[in-house]
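Student: Could we go through this structure together, beginning with the ligand and then turning to the fold?

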Amino acid sequence: MKKNGKELNKILVIHGPNLNLLGKREPDIYGETTLDEINNRLKTVGEQKGIFIETFQSNYEGAIVEKIQETIGRYSGLIINPAAYTHTSIAIRDALALLDIPVIEIHLSNIYQREPFRHKSMITEVVTAQIAGFGAYGYTLALEGIVMLIQK
Ligand code: DQA
């Protein structure tokens, strides 16, 4: 896949705090699928589409900011679940606002049906699209969606 002479074949997936414990963490809300299973599924689907998927998880806000900055000029799309930082992090929002590639915000749960403090996302205004409430399947939807946006 090429656009403006650039190879458009790398997508970064960033997972925020506590998502390393998926499968064990509040499974009634977040499901029983582990983060490894989500990442492996993304890599398999990516391979079928000829796209390289890199995944990254951190419990640290600054590490996530640095990883977002690394996408500049290196990736053709970003899928991010900032987890609890969704609701608090101006630093992550500002880093995302720098990017000129499609960015999908994803949440396993439907944040708008949960506690009021989860209804506000700091990043929605600076991303391309949001997916929430589909559980682990949302990541597959995000990949489908971002490939469509990149090819547009
Ligand atoms: C989450 C929703 C957030 O409110 C929460 O802090 C998370 C996960 C989700 O995927 O549903 O850690 O982003």
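Tutor: An oxygen atom of the ligand lies 2.6 Å from an N or O atom in the side chain of S109, a polar contact in the sense of a pair of N or O atoms within 3.5 Å. This is a predicted model, in which local features need pLDDT of at least 70 and side-chain atom pairs count only at pLDDT 80 or more, while totals for chains, interfaces and linings use all residues. Residues are numbered from 1 along each chain as its sequence is written, and side-chain values use heavy atoms, with hydrogens and water left out.

Student: How much of the accessible area that the ligand has on its own does the protein cover?

Tutor: An oxygen atom of the ligand is also 2.9 Å from an N or O atom in the side chain of R118, and an oxygen atom of the ligand is 3.2 Å from a polar backbone atom of A84. On its own the ligand has 320 Å² of accessible area (Shrake-Rupley method, 1.4 Å probe), and the part of this that the protein covers is 99%.

Student: Where does the charged end of K10 sit?

Tutor: The criterion for a charge over a ring is that NZ of Lys or CZ of Arg is within 6 Å of the ring centre and within 35 degrees of the ring normal. The charged end of K10 is placed 4.9 Å from the centre of a ring, and the ring over which it sits is that of Y75.

Student: What does the C-alpha trace of the protein chain span along its principal axes?

Tutor: From the N terminus on, the elements run β-β-β-α-α-β-α-β-α-β-β-α, with helices (H or I, at least four residues) and strands (E, at least two) taken as DSSP runs. Along its principal axes, the C-alpha trace of the protein chain spans about 45 × 30 × 25 Å.

Methods: Polar contact = N/O pair within 3.5 Å; in protein donor to acceptor, adjacent residues only side chain to side chain.
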